[in-house]
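Work through the exercises below with the structure in view. Try each task before reading its solution.

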There are 2 protein chains.
Amino acid sequence: MKLSVGFLGPLGTYTHQAAHEYFQDSAIYNEKRTIAEALKSLEALDYAVVPRENSIFGSVIETFDGLKVLKEGFIQGEVILKIQHCLVVKKGAKFSDIDCVISHEQALGQCRRFLVEKLPGATTSTTASTAAAAETVSKSQTLNIAAICSGICVTMFEDLEILANGIQDQDSNYTRFFIIGKQSEGKPPFKTLRPTHALIRLIPTSSAHKETSFDLTELLKTIDLSVIRLDRRPAPVSHPFLDTYFLEVVLSTQNPSEWPEQVSQSILRLRDKGHLAESIGLW
Amino acid sequence: MKLSVGFLGPLGTYTHQAAHEYFQDSAIYNEKRTIAEALKSLEALDYAVVPRENSIFGSVIETFDGLKVLKEGFIQGEVILKIQHCLVVKKGAKFSDIDCVISHEQALGQCRRFLVEKLPGATTSTTASTAAAAETVSKSQTLNIAAICSGICVTMFEDLEILANGIQDQDSNYTRFFIIGKQSEGKPPFKTLRPTHALIRLIPTSSAHKETSFDLTELLKTIDLSVIRLDRRPAPVSHPFLDTYFLEVVLSTQNPSEWPEQVSQSILRLRDKGHLAESIGLW
């Protein structure tokens, strides 16, 4: 029986591409309209695939805001894709026709320099995904609107062509995607894993009381694992400027078999100090 | 002679309000169209004021992307404002008229729940500032467009009224703003300061070679000061997934007179280990 995978759709998004790279033909793919909906689909599906961070425009805020309140899911893998953005228009449209460029905010952010130099007069408007932008242009009756998206979109939607290719601000443009599995005891993971990474989600409770009493240096000493990435987002509580932290930790010894236990011990140390901490991924 | 201050304009933005709270009547205020232009204005003006982070929607990406390449400026202060968003429309417009809501992406992000619940069919579009959104609505010939902005905007632009007040997702909504002074030797700071905070900008050079060789835990040990906030943005280099880090450090002893020297020593320790590090603020 095939796996069911929810992803940030429609068909033709980079997330679709990443999901296919991981699951190939072993899955049925369910397109979701937003990152939040893709994460919510874990209530019904086996896996969700969402973008995590891009090498030009950084972390994807909507994904981390979803991970703040993630209950059903557990990160089980990561895929890295090379991203090549195109400016896609209605057939026949020229640069001088365009007065509005639409795309996901990440893609607009990755092409800022191109937009300032080549389309300084155009307004920008955000869409839920890059492929949704292509779809909107495809349905438009006028030539004045362009989308930033993957080149594959011109084969998926009607009446489109590529006006410019590789328009991102740096040639080396990569996006990391999280493969998130449903939390379920009896189910074996899709791939047999020897995990070397983990993601720790943490709210430092002490910082609710006094700003300067929270010290990241102390926190990392308590974790006592190699932390290679840290993101913070406002915590889902009413106290202002209290953050949820996401810490990616990585195995630094030669003993992968001990890794899950090392992560568990670290979580226990954090809880002993009063922090709200849990592991939300192991890959 | 009055000081000259560039801020994210136009008049009526929250940044304008923050700038006025800090400099009062001692300054001439110069409105800038974007955060990037406000930072660039330090080439000609004495100070720039830009938003740093909001308690609901987190760090302001455009500000940190500007700080990555900041050359002329040095952060000299911080202002915290309570933010109260309004839904502002053309006089006479009702909820049922609205099919498009415009504002700065931060304000849209702070009112996501309101938009989903009260205007689920409306599209959103980003503007360079909240007050620019109000200005656009003011000039519109139709009733179908609404702005999210400060209530003060209805007194600054014509033909507007407030349709809903306090529409942010949490009642406690605050924004921190950076007060950035021009780097200049002979000039005394606006206020006599006893700084207790600093912002360290850092690119860990070792991570350019091998992903897992970079360890945040090691880095914080080298800094050896209390780190209370950390942000990361993709570094302005072509190597993918190499970050620029911004670390806010805070005095933890009772000796404020030693603080600038403590920060300098920390920077030297970082450079000794091969990192690109400098202090870009002291307040």
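**Exercise 1.** Find how many residue pairs are in polar contact across the interface of domain 1 of chain A and domain 3 of chain A.

Solution. Next, locate the elements. β3 (47–54), α3 (61–68), β5 (73–82) and β11 (174–182) of chain A each give at least two residues to the domain 1 side. Helices (H or I, at least four residues) and strands (E, at least two) are DSSP runs, numbered from the N terminus. α3(A) brings the largest share, five residues.

The model is predicted: local features need pLDDT of at least 70, side-chain atom pairs count only at pLDDT 80 or more, and totals for chains, interfaces and linings use all residues. Residues are numbered from 1 along each chain as its sequence is written, chains are lettered from A and ligands numbered from 1 in the order written, and side-chain values use heavy atoms, without hydrogens and water.

**Exercise 2.** Find the salt bridges across this interface.

Solution. The rule (a side-chain nitrogen of Lys or Arg within 4 Å of a carboxyl oxygen of Asp or Glu) finds three between domain 1 and domain 3 of chain A. Now take one pair: A:R52 bridges to A:E248, with the closest N and O atoms 2.7 Å apart.

**Exercise 3.** State where the three domains of chain A lie.

Solution. Domain 1 covers 3–82 + 174–182, domain 2 covers 85–165 and domain 3 covers 197–282. These bounds come from an automatic or database domain assignment.

Note on methods: Polar contact = N/O pair within 3.5 Å; in protein donor to acceptor, adjacent residues only side chain to side chain.
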